[in-house]
Amino acid sequence: MDERWYHRHGENDDIIQVSRIRLLRNFKKWFFPGRMDEGMRQELLSAVDSKLPRLSEILGKGIQKLETDKLREAEKMTLQERLLINKATLEQTEKAVVYATTDEAFSMTVGGTDHLRLLLSEHGQGLYPLYDCLDEVDTYIDSRIPFAYSKQFGYKTASIDSVGTGMRAYYVMHLPLLSESRSFQALSQEMIKFGVVMKEAWISGAKKIGGLYVLYNQRTLGLQEKELMDILTNVANRLMGEERELREKYKQVFLEDRVYRSYGILKFARQLDFPEGCRHLSNLLLGASTGLLSVDEDLSIYELMLGIFPGNLQFFYKVSADDSQIRILRAEYVQEFLDKITIA
């Protein structure tokens, strides 16, 4: 596998799989994308392409440019599954352009719901350095193509939910034991008082799968960016402490049985549906975090969890497959990398 952001170790990455900052921005000169005609949209795309020559230099990474009208549906689905674009951009018929670094940590969507959607991710707990980096990019873009900004309300966005900072900060946390505890529902409700939302990262039907939960700030208006990150980080630290307590509390034989059962199923399965694959990989992630499993440096279990999505599987194997074929490919895909995960 190529070097990606999720291969790099980060602080508290046994539980916090992802730190992510998203900024929405719109320029003074143009209508919101939903009101643009084709000529105005092309003018926007061309201006961004020509007026930001130092973007790669500021990020310190190579950037590839992807035009959505030239991508196959499976390729666009892969971008959405890896969160380089959002669902709205996946489904829109109008052309958008995505600029993404080669490590997939950064993406900039031009011509989605807003003029710009800036996204930066890293493995582990690291919102503050992410924000500093994205703020530098944000300042550079504003100096070249001024943003629509109100002294009273902040950055103008297509959705009123994002007006203000235009920022949403995220933690993706692996909470397999805490989410099964009796106190978890009460904790979820308590967070709402702080303006923090917690949702399952992946849901299949009514099933919660994978033990991964996304925390993000609900408010974007009335607080500064650092205040929003502080609140989110305090909540994440509490959840992390409670998950760690449970990992210490559970008997070794319980954890071993849970982890090794999943290892055996993944090793010998001939087909896997998505919820089952997520659950078993979640247990492997738990095993790696508690020292029951050893994982090679060039492999990330979180990456495997992304890789078993239908679009990613079809892109990886360069095929077009129906649901039954995808279940077979899913089992083959996991087994292709399972020799890099060994019992410690």
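Predicted model: local features only at pLDDT ≥ 70, side-chain atom pairs only at ≥ 80, totals over all residues.
1. Let's start with confidence. The protein chain has a mean pLDDT of 93, and 98% of its residues reach 70 or more. Within the chain, strand β4 (residues 106-110) has the highest confidence, at 98. The lowest is found in strand β9 (residues 196-204), with a mean of 81.

2. Next, the pair α11 and α12. Helix α11 covers residues 310-317 and helix α12 covers residues 323-337; their axes lie 10 Å apart, at an angle of about 70 degrees. That angle falls between 65 and 115 degrees, so α11 is roughly perpendicular to α12. The crossing of α11 past α12 is left-handed.

3. Who touches whom in that pair? From α11 come Pro310, Leu313, Gln314, Phe316 and Tyr317, and they meet Ile326, Leu329, Arg330, Glu332, Tyr333, Glu336 and Phe337 of α12. By class, this contact of α11 with α12 has eight nonpolar residues, one polar and three charged.

4. Helix α5 (residues 127-144) and helix α7 (residues 225-249) cross at roughly 155 degrees, and their axes come within 10 Å. Because the angle is over 145 degrees, α5 counts as roughly antiparallel to α7. Here α5 passes α7 in a right-handed crossing.

5. On the α5 side of that contact you will find Leu127, Tyr128 and Tyr131. Their partners in α7 are Glu225, Lys226, Met229, Asp230, Leu232 and Thr233. The contact of α5 with α7 divides into five nonpolar residues, one polar and three charged.

6. Thr165 is worth a look if you are browsing the loops. This residue sits in the loop between β7 (154-155) and β8 (167-174). Is Thr165 buried or exposed? Its relative accessible area is 5%, under the 20% cut-off, so Thr165 is buried. Setting aside neighbours within four places in sequence, Thr165 is in contact with Arg25, Tyr155, Thr220, Leu223, Glu225 and Leu228. Glu225 in that list also takes part in the contact between α5 and α7.

7. Leu83 is not a glycine, yet has a positive phi of about 65 degrees. Its place is the loop between α3 (73-81) and α4 (87-91). With a relative accessibility of 32%, Leu83 counts as partly exposed.

8. Glu104 also has a positive phi, of about 70 degrees, and is not a glycine. The loop between β3 (97-101) and β4 holds Glu104. Its relative accessibility is 13%, which is under 20%, so Glu104 counts as buried. For context, β4 is the strand where confidence in the chain is highest.

9. Finally, which residues does Ser262 contact beyond its neighbours within four places in sequence? They are His280, Asn283 and Leu284. Ser262 lies in helix α8 (residues 252-268), and at 2% relative accessibility Ser262 counts as buried. Asn283 is 21 residues from Ser262 along the chain, while the C-alpha atoms of the two are separated by 6.5 Å.

Notes. Residues numbered from 1 in each chain as written. Heavy atoms only, no water. Axes fitted to C-alpha atoms, helices over the stretch in contact; angles between N-to-C directions. Helix = DSSP H or I, 4+ residues; strand = E, 2+ residues; numbered from the N terminus. Parallel < 35°, antiparallel > 145°, perpendicular 65-115°, else oblique. Left-handed = near helix turned anticlockwise from the far one by under 90°. Contact = heavy atoms within 4.5 Å. Nonpolar A, V, L, I, M, F, W, Y, C, P; charged D, E, K, R; others polar. Buried < 20%, exposed > 50% of the residue type's maximum accessible area, 1.4 Å probe, protein only. pLDDT = per-residue confidence, 0-100.
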